[in-house]
Amino acid sequence: MSLSTDPVPRRRCLLRLLQGSIAASIAAIFYPVVRFLWPRRATVSGAAEVTAPFTVEELKARYARGEVPPPFNFDNKPCLVILLPDGEIRAFNAICTHVACTVAFRPDKKDIFCNCHNGVYDLNGQPVSGPPPRPLQAYKVNRRRLPNGQEEIIVSRTA
Amino acid sequence: MSHAPPERASPIVWPRSRWWAFLDERLGLDALAHLAEKKRVPVHRTTVFYFLGGMALFLFGIQIITGVLLSLYYKPSPDQAFESVRAIMTEVEFGWLIRSIHSWSANLLIGILYLHLLTTYIMRAYRRPREFTWITGLVLLAMFLAFGFSGYLLPWNQLAFFATKVGTDIAGGVPLVGKYVLLLARSGEEVTGDTLARFYSLHVVILPLATLAVLAVHLYLVQKHGMSIPQPVIRQCGGEDRVPSIPFVPHFLLRDMVGWYVALGLLAVLAALFPWELGVKADPFGSAPEAIRPEWYFLFMFATLEQTPSHVLGLENKQAVVLFFTFVGLMVLLVPFLDRNAERGGSRRVLNFLATWAVCAFIVQTGVGLGLLDFRLTTSVAASGGAAVALALGYLAFPRVAGREYRS
């Protein structure tokens with residue numbers, strides 16, 4: 001039996017054990033707190049497509065009255081639908097690529113404009129002037145004839 | 001702490017590095033370190049009582065942290081309150097743990113505060129010049145009871161709804177101003193969504209701010225006057241400065257922290273084994289649920305309310321009970337001024353007998369509230385009074401057991 005009688009290694013070992021248990025306690029306290037803070041899982045999954053709350057004919061009528069319908073909810077993001085003079089319909093994710101404000105269609109200026117920092121996009125969603133770094137995300141548009149003769153607008157994610 | 005403490009344990013050695021010098025020049029750390037070194041805690045046979053204040057402070061810290069966490073998911077409206085608490089219990093990860101710890105810690109905190117009050121009385125720590133420490137302490141106790149009462153409504157379940165209805169109705173029993181107290185507390189004649197918003201604001205804004213302010217005064221007074229030492233200990237040691245003591249930092253603080261660590265473990269165990277119930281959503285037009293009763297720390301008043309006849313001395317039941325407990329509370333508040341022999345270290349037998357009776361009555365009435373004892377009011381008064389007389393006789397008959405040899 002030749003056990004070391006030097007108290008220093010034993011003291012160091014005890015110190016390491018103490019430090020280890022303090023670290024373990026702190027981890028045990030913070031782990032549930034961090035998990036609690038983390039956002040809970042969304043209960044509604046994102047939609048793949050949505051029907052616009054207006055038909056092509058209604059959109060035309062509103063433009064004629066000088067109104068521009070605001071963006072609507074598609075997959076929890078604002079969706080902007082615009083009707084071009086030639087009858088073509090385009091849809092974009094209305095979140096500005098600069099710092100995520102919601103853009104608006106300006107029929108008189110024939111552009112898409114962001115009020116927050118004066119970002120201007122053309123009607124293809126390409127940035128023209130101001131701070132936006134990338135084009136707006138475009139959506140696919142389908143039309144479906146309704147029994148009453150009007151056409152509804154169906155927006156879906158591309159690809 | 002049965003071992004004999006060193007007469008003067010060496011204070012902590014603070015690291016005085018270049019960083020320390022840099023910070024000290026800007027923040028005055030040396031002055032703080034000096035304060036910490038100076039603070040000492042007397043060591044005698046009731047030193048263990050000194051841990052209760054620190055324990056209450058620790059549990060209050062737990063309440064702040066878990067309360068802030070709960071507020072991240074809680075929605076104070078009658079349409080959403082119950083659902084949001086249900087989501088905390090079922091959807092949010094570890095939400096059940098945070099909420100259960102908040103509820104259990106609240107109950108432990110009130111229990112510790114009751115003990116803190118009792119041990120402070122036993123040590124006669126309220127005597128000159130610490131009267132305001134006693135009074136601010138009682139104000140804090142009242143505030144924590146208000147915390148418990150207001151927090152109880154927030155989950156908007158059937159129990160909470162009726163507890164609030166009954167509790168505010170009793171407050172309405174205060175003579176003369178009762179009607180206005182009730183309207184103010186409920187924000188209307190009934191318990192509605194406005195009551196919930198009011199209790200929420202009280203629970204998370206008004207009471208925390210007020211509590212921190214009063215707590216600051218309480219702690220300042222404790223620092224200013226130092227720990228109170230029981231008179232028999234001072235007499236035995238032959239002077240206050242000859243009572244053995246240990247430095248607060250780190251000796252006492254480390255012992256404090258051991259207690260806190262155990263408390264945290266206990267809270268985790270309680271929360272895991274007995275997660276707090278949610279019950280069913282409040283229905284303002286439903287009947288009161290069966291076996292409804294308040295939290296244990298209000299049970300003694302609840303039981304007294306139940307036992308008291310419908311009319312007492314021309315007063316209605318709730319008016320008489322409210323008046324009685326207001327009177328008792330006032331007497332407790334005035335203890336430092338009622339104990340007129342305190343400074344000379346003279347006897348306080350009358351006060352001690354009444355205090356013993358009060359504690360016995362608290363225990364008996366809590367038993368009645370829990371349904372363990374089937375007593376009428378007269379039985380309760382007699383039983384608690386009898387117990388107090390028995391304890392007093394025991395104290396006179398067995399001085400050694402009662403620890404009176406200190407008086408030699």
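Which residue of β7(A) stands opposite A:I112? In this predicted model, the residue opposite A:I112 in β7(A) is A:Y121.

## Sheet architecture

Chain A contains an open sheet of four strands, ordered β5-β6-β7-β8, with antiparallel pairing. Because β5 (104-106) and β8 (127-129) of chain A each have a single partner strand, they stand at the edges, and one side of each is left without a neighbour in the sheet. From one strand to the next, the twist averages 40°.

## Strand pairing and hairpins

β5(A) and β6(A) run antiparallel and are joined by three bridges. Within this pair, A:F105 stands opposite A:I112 of β6(A). The two strands form a hairpin with four residues between them, and A:K110 in the turn has a positive phi of about 55°.

β6(A) is also joined to β7(A) by three bridges, again in the antiparallel sense. This pair forms a hairpin with four residues between the strands; in its turn, A:N118 has a positive phi of about 55°. Strand β7 (residues 119-121) of chain A pairs in turn with β8(A), antiparallel and over two bridges. A:V120 has A:S129 as its bridge partner in β8(A).

## Faces of strand β6

Side chains alternate along strand β6 (residues 111-114) of chain A.

## Contact with chain B

Six residues of chain A are in contact with eight residues of chain B. The side of chain A that touches chain B comprises four nonpolar and two charged residues, with no polar residues.

Technical notes. Residues numbered from 1 in each chain as written. Chains lettered and ligands numbered in written order. Predicted model: local features only at pLDDT ≥ 70, side-chain atom pairs only at ≥ 80, totals over all residues. Pairing = 2+ DSSP bridges. Axes fitted to C-alpha atoms, helices over the stretch in contact; angles between N-to-C directions. Contact = placed C-beta atoms within 7 Å. Nonpolar A, V, L, I, M, F, W, Y, C, P; charged D, E, K, R; others polar. Buried ≥ 20, exposed ≤ 12 C-beta atoms within 10 Å, placed from the backbone.
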